[in-house]
Each structure stands twice: as structure tokens, then as C-alpha cells.
Amino acid sequence: PGPEARYEQTEAISLAFDNKQWVETVKYIERFQQLYPSHKFSHDVSKKLSVAYLNTNQETAAASELLKISRTDDNVDYKIAALWKAAGLYESRKNHPAAIKAYEEYAAAYQRPYPQYMEAMQKLTELHALVQNEQRANHWRNRILDTDKTMPGDLKTDRTNYIGSMAALQLARQEHQQYTSIRLVLPLNRSLGHKKNALQKALNLYGRAASYGIPESTTEATYAIADIYHSFSKSLLDSERPGHLNAAELEQYKILLEDQAFPFEDNAIKFYEKNLAHIKQGISDDWVRKSYGQLKLLFPARYSREVMLEPYINVLH
């Protein structure tokens with residue numbers, strides 16, 4: 001078709017678009033792109049086509065069109081918006097592979113604005129977890145923490161802090177499970193070394209989660225730290241005994257283990273009480289209540305619970 005026919009096509013597109021005749025707009029643009037795939041106006045009509053697709057509930061087609069625009073447009077802000085919209089459309093249609101690909105493309109290309117970059121990585125942790133690819137989900141959780149560590153404070157928001165805190169918390173839960181699975185068996189030095197390493201990894205991540213000051217992750221992390229110390233103390237006391245010891249030697253061995261366990265018991269107490277102190281800030285969730293429950297049970301001979309907890313008891317009951 002010659003220039004006159006092409007002009008008529010573009011006029012028909014503009015008229016249909018301006019009058020919000022979306023079905024006709026789609027038909028005219030698809031025809032135009034078929035006839036003139038390399039024409040300089042193809043890119044402009046592609047933007048109109050994405051709008052028309054959205055208005056005719058063709059979200060997957062709209063996402064595909066927006067993805068093309070995000071790779072070819074000259075305006076960076078428009079490219080960012082188009083790619084983000086495309087990823088969101090794929091996600092809303094539960095096309096998880098396409099959504100993951102689009103969010104990964106976004107994360108690779110745009111680290112500013114920082115809050116939206118963090119949102120992209122958060123989306124990737126959620127989507128990979130949804131398709132049960134925990135390894136990739138953890139990759140993005142670690143990326144979130146590594147990125148956040150290097151960012152100036154003035155770029156961070158309450159939302160980016162929340163995302164960082166949740167990433168640390170999820171990684172900490174996994175390390176906590178790994179720590180719990182390690183039993184203290186003979187030879188004790190070897191299993192003790194493995195359990196201590198797992199303990200330290202979990203504590204570091206829970207500490208990182210709590211450092212953001214997000215109440216819902218801080219109370220869980222604080223309780224979990226106390227629980228790890230408490231369970232480590234119990235694991236030491238319940239650890240497998242050497243078979244060659246006589247009764248007197250076993251008693252001495254038990255005393256040595258108790259000496260090793262005491263500092264961990266003490267740390268558990270401190271962190272349960274630290275969680276209880278959140279009540280003064282108006283925070284009293286399940287983790288705070290569970291901490292109170294543990295404090296009522298732990299070491300009553302060494303700590304006057306009722307005296308120490310008196311300021312909090314009325315709040316909890």
C-alpha cells in the first residue's frame with residue numbers, strides 16, 4: 001500500500017483511539033503493524049495498542065506490547081514504567097515464568113529509584129517461593145540484604161526497611177531449622193562445632209532482622225534468639241555421653257557440661273526479658289506473650305520472676 005493508504009490507516013487509528021473505540025483501535029493497529037512493521041510510526045502506535053489491549057481485557061497481549069516498548073523507547077522513565085507494568089500484568093495473570101523474567105530484567109537494568117528496585121527484588125523472592133524454587137528465592141533475599149547494606153540512609157524508606165527485615169527473617173528461619181536438626185552426638189567436638197556454626201549463622205540473621213526496628217520481625221527475631229540460646233543449653237545437657245566413663249567420671253562430665261550450658265541459659269533469659277520490654281512501647285504480640293511464658297518456666301530458683309515481671313503482668317493479663 002502506498003502513502004495515501006498508510007495515511008488513512010493512521011487517521012483511522014487516531015480517530016478510534018481518541019473516541020475510545022478500543023476494539024477498532026486494536027484491529028486497526030494490528031493491521032498497520034502487519035503492513036508496515038518497520039515504519040517509524042510503528043513504535044508510537046505500539047503505545048496506543050498497549051492501552052487498547054488493557055481496555056479490552058487482553059492483559060497478556062498488553063504485557064507483551066509493553067515489554068517491547070520498554071526495550072525500544074527513548075524515554076527512560078517510560079521504559080521503566082512500561083517494564084514494571086508488564087511484570088505486574090504477567091503476575092496478575094499468574095504467568096509466573098514471564099513475571100519472573102520481567103522483574104529480573106527490571107532488577108538488572110534499574111537500581112534507581114532504590115525503593116522500586118527493592119520492590120522488584122521482593123517480588124522475585126515471592127514469585128520464586130511461589131513456584132517452589134527456594135534456592136532462587138534465597139538468592140534474591142541475599143541480594144536484598146547485600147544491596148541494603150551499601151545504600152545511604154537517605155535513600156531508604158520504611159518500606160525498604162521492611163523488605164530488608166523480612167528477607168533477613170526468612171533466611172534466619174531456614175538457618176534456625178538447620179541448627180535445630182544438628183544433634184550433639186559423639187565425637188562431641190565435631191558435632192558441637194557444626195551446631196555452633198549453625199547457631200552463629202542463625203543469630204547473625206535474626207540480629208539483622210531485628211536491627212531494622214520493624215515490630216513484627218523484631219519480636220519474632222528476639223524470641224528466636226532466646227529460643228536458640230535456651231535450646232543450645234538443653235542440647236549440651238542432653239548430649240550423648242562417652243561410654244567408657246564410670247559413675248564418678250560421668251558426674252564430673254555432667255558438671256563440666258552444666259558450666260558450659262550456664263552462659264547460654266543466661267543469654268536466653270536476657271533475650272526473653274528484652275522481648276518483654278517491648279510492652280512499654282505498646283507492642284504485645286504472640287512472640288512477647290510466648291517470651292513471658294518461657295520466663296515463668298525458666299530457672300525460678302535463680303530469678304525472682306514475680307518481682308521482675310510485676311510491671312508487665314497486668315498488661316499481659
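Buried means under 20% relative accessible area, exposed means over 50%, and partly exposed is anything in between (1.4 Å probe, protein chains only). Keep that in mind as you click around.

This is a predicted model, where local features need pLDDT of at least 70, side-chain atom pairs count only at pLDDT 80 or more, and totals for chains, interfaces and linings use all residues. Residues are numbered from 1 along each chain as its sequence is written, and side-chain values use heavy atoms, with hydrogens and water left out.

**Stop 1: Ala-81.** Select Ala-81, which sits in helix α5 (residues 76–92). Helices here are DSSP runs of H or I with at least four residues, numbered from the N terminus. Ala-81 has 44% relative accessibility, so it counts as partly exposed.

**Stop 2: rings.** Next, show the aromatic side chains. Rings of Phe, Tyr and Trp (its six-membered ring) pair if their centres lie within 6.5 Å; planes under 30 degrees apart are stacked, over 60 edge-to-face, and the rest tilted. By this rule there are ten aromatic pairs. Pick Tyr-106 and Tyr-110: their ring centres are 5.4 Å apart and their planes meet at 55 degrees, so this pair is tilted. Tyr-106 is buried, at 0% relative accessibility, and Tyr-110 is buried too, at 13%.

Hop over to Tyr-223 and Trp-287, another tilted pair, with 5.4 Å between centres and 45 degrees between planes. Tyr-223 belongs to helix α11 and Trp-287 to helix α13 (residues 286–297), so the pair ties together parts 64 residues apart in sequence. Which of these two is buried, and which partly exposed? Tyr-223 is buried at 11%, while Trp-287 is partly exposed at 25%.

**Stop 3: a charge over a ring.** Zoom in on Lys-47, whose charged end sits over the ring of Tyr-78, 4.3 Å from the ring centre. That label requires NZ of Lys or CZ of Arg within 6 Å of the ring centre and within 35 degrees of the ring normal. Lys-48 does this with Phe-17, at 5.4 Å.

Note on methods. Helix = DSSP H or I, 4+ residues; strand = E, 2+ residues; numbered from the N terminus.
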